Every structure is written in structure tokens, then in C-alpha cells.
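Hi,

Here is the structure I promised to pass on.

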Amino acid sequence: MHITICDDYADMSRKANGLVVDYIKKMPRTLVSFPGGSTPVGFLEAFVSAVNSGAVDIAETRYVSLDEWVGLSAEDEGSCAHFNESHLLGRLQKPFADVHLINGAAADIEAERRRLDQYIAAHGPLGVSVLGIGLNGHLGFNEEGVPFDADALVLPLSPVTKQVMGKYFGTRFSPECGITQGLGQIMRADMILLLADGSKKANILHRALEGPVIPDVPASILQKHPNVHVVIDRKAARELCL
Ligand code: PGA
């Protein structure tokens, strides 16, 4: 595991972008996945600039979304698909070769889950999986107790996730479940980037990176991956015993 401690959020975003751009330059015909949330906003800005300035070419690169709130679609502000459109896809002057977004509002969510599996099976495994981490150690919506080897899942949201979800869409929606790439799919990625900033993530990072590998801390499985880059700011790193 490579751990890079960055001066601040801007530095974290820049370094994460450097790793992703370098990877795509070497392996343009690949499948990438980036997370939603507050953490990746700066990284996505840097990535969009890199694409739009011609620093990296994504004409052969495919994109698949990581997760979605069940009940929400790209039309709903606060959904992951809406976030993808507004922070990434809608800003790219040169598009990805192909994009697969999850429709959390699909009438048949099990069919939507299968569609995600089929897309990753057809075009994967992932080359790059960029991830944030939840306060409970979730990756995507892989909440506590989830199997480490699963493909895509529809899962109940944990109480911790429900507590923080208001920051994305206030009280307009109250989803009970998430649909997500499974940890098996994430762990088959060639390279994983875990991003985190701020002191609120310090304790869960310590548990995930330095504690036992247990389903109760889903992100702890990353300790078993051969090519993980943890790119975090100083505040998030402060409980690590490096
Ligand atoms: P955040 O979310 O980036 O908004 O902190 C991370 C997550 O829950 O995975």
C-alpha cells in the first residue's frame, strides 16, 4: 500500500489526478470508476482540466459509476448520477468512449444491478477505481458486514450513511437502500486510489488501514490489494501510526 500524505485538499486532488492521468496514458483502453461525495470534487476538477487541455486522451477509456441511492436517478440533484453529470461528464469537452451510469430509480432494481454486473463483466475488470471512504468504512455503498468477494449489490444503508446523506439532498429524499459495485469488483481493479481529507476521516482511516481486515470495516479489505494508493491530507492522516 502506498500512502501519500498531502499538504491539503488541493494537493490531494492534484496528486490523485496525477496518478489517474498517468495510468490512462499508459493504458488508455481501460475502464475507470470515480466516486461521488465531497471528497472527489477537487480531483474531478483537475481531471476535467487535464482532459480538456489535451493532457490526457480518454477517447478509448470507458467510465462506470460506483454506486447510487435506490430511488434516485440522474434527474435528482444529490444523486450520484447527477453528481457524475455535473462534476465530470457534462464538463468534458472530449467524452469517454462509453459511460455506464446506474439508474437508482429503475422500476426493476435487480435488473439494474445485473446491468451493472454485465457492464463490468463485458468491459472490465476496472483499470482504476477511485474511492472515498464513509465514516463507517464503507466503499461505495458496501456497508458494514458486506461480503468481501461480491459483485454488484443492492443493500440497506447503514444508520451512519443515513445520518450523513442529508448533506447531499437535504430532506427531499430519504433512501433506504443503495446499489453499488461490490467489493469483489473493486478488488479486481488493477489500481485503487483511496482519497480522504479532514480530521473526521482520521479514525476510520486508522481502523481501515491499520486495524484487522474484517467485514465490519469494509475498507479494511484494501489492505489485501497489491496496488492501492492512499492519497489523503494531513488531517485525515493524523491517527495513522506510519
Ligand atoms: P464524502 O463521502 O466524500 O462526501 O465524505 C465519502 C463516502 O461516503 O464514501
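Leaving aside neighbours within four places in sequence, which residues is S13 in contact with (contact meaning heavy atoms within 4.5 Å)? The answer is G42, F43 and A46.

Before I go on, some housekeeping. This is a predicted model, where local features need pLDDT of at least 70 and side-chain atom pairs count only at pLDDT 80 or more, while totals for chains, interfaces and linings use all residues. Residues are numbered from 1 along each chain as its sequence is written, and side-chain values use heavy atoms, with hydrogens and water left out.

Back to S13, then. This residue lies in helix α1 and is buried, with a relative accessible area of 4%. For the burial words, buried is under 20% relative accessible area, exposed is over 50%, and partly exposed is in between (1.4 Å probe, protein chains only). The C-alpha atoms of S13 and V231 are separated by 8.5 Å, though the two are 218 residues apart along the chain. A10 is also in helix α1, which runs over residues 9-26, but A10 is partly exposed at 40%. Its C-alpha is 6.6 Å from that of G42, 32 residues away along the chain.

Now the whole chain. It has eight helices and 10 strands; these are DSSP runs numbered from the N terminus, helices being H or I with at least four residues and strands E with at least two. For 242 residues, a compact globule would have a radius of gyration near 18 Å, and the protein chain agrees with that at 16 Å (taken over C-alpha atoms; the rule is 2.2 Å times the number of residues to the power 0.38). The C-alpha trace spans about 40 × 40 × 30 Å along its principal axes. Buried residues account for 54% of the 242. Of the contacts between residues at least 6 apart in sequence, 78% join residues at least 24 apart.

Helix α3 (residues 80-87) is worth a look: C80, A81, F83, N84 and H87 are buried there. They cover an arc of only 160° around the axis, so they sit on the same side of α3 (the arc is that of the directions from the helix axis to the C-beta atoms). What covers these buried residues includes α2 (41-52), β3 (62-64) and β4 (67-69).

Two loops next. The peptide bond from G124 to P125 is cis, with omega near 0°, and P125 is found in the loop between α4 (109-123) and β6 (128-131). As a reminder, most peptide bonds are trans. V56 is in the loop between α2 and β3 and counts as buried at 4% relative accessibility. Beyond its neighbours within four places in sequence, V56 is in contact with V21, I24, K25, A50 and V51.

Last, strand β9 (residues 191-196), which is where L194 is placed. L194 is buried, with a relative accessible area of 0%. Leaving aside neighbours within four places in sequence, its contacts include L131, G132 and I133, as well as L205, L209 and L222. Also among them are H229, V230, V231 and I232. V32, 162 residues from L194 in sequence, is 14 Å from it in space, C-alpha to C-alpha.

Cheers

Technical notes: Contact means heavy atoms within 4.5 Å.
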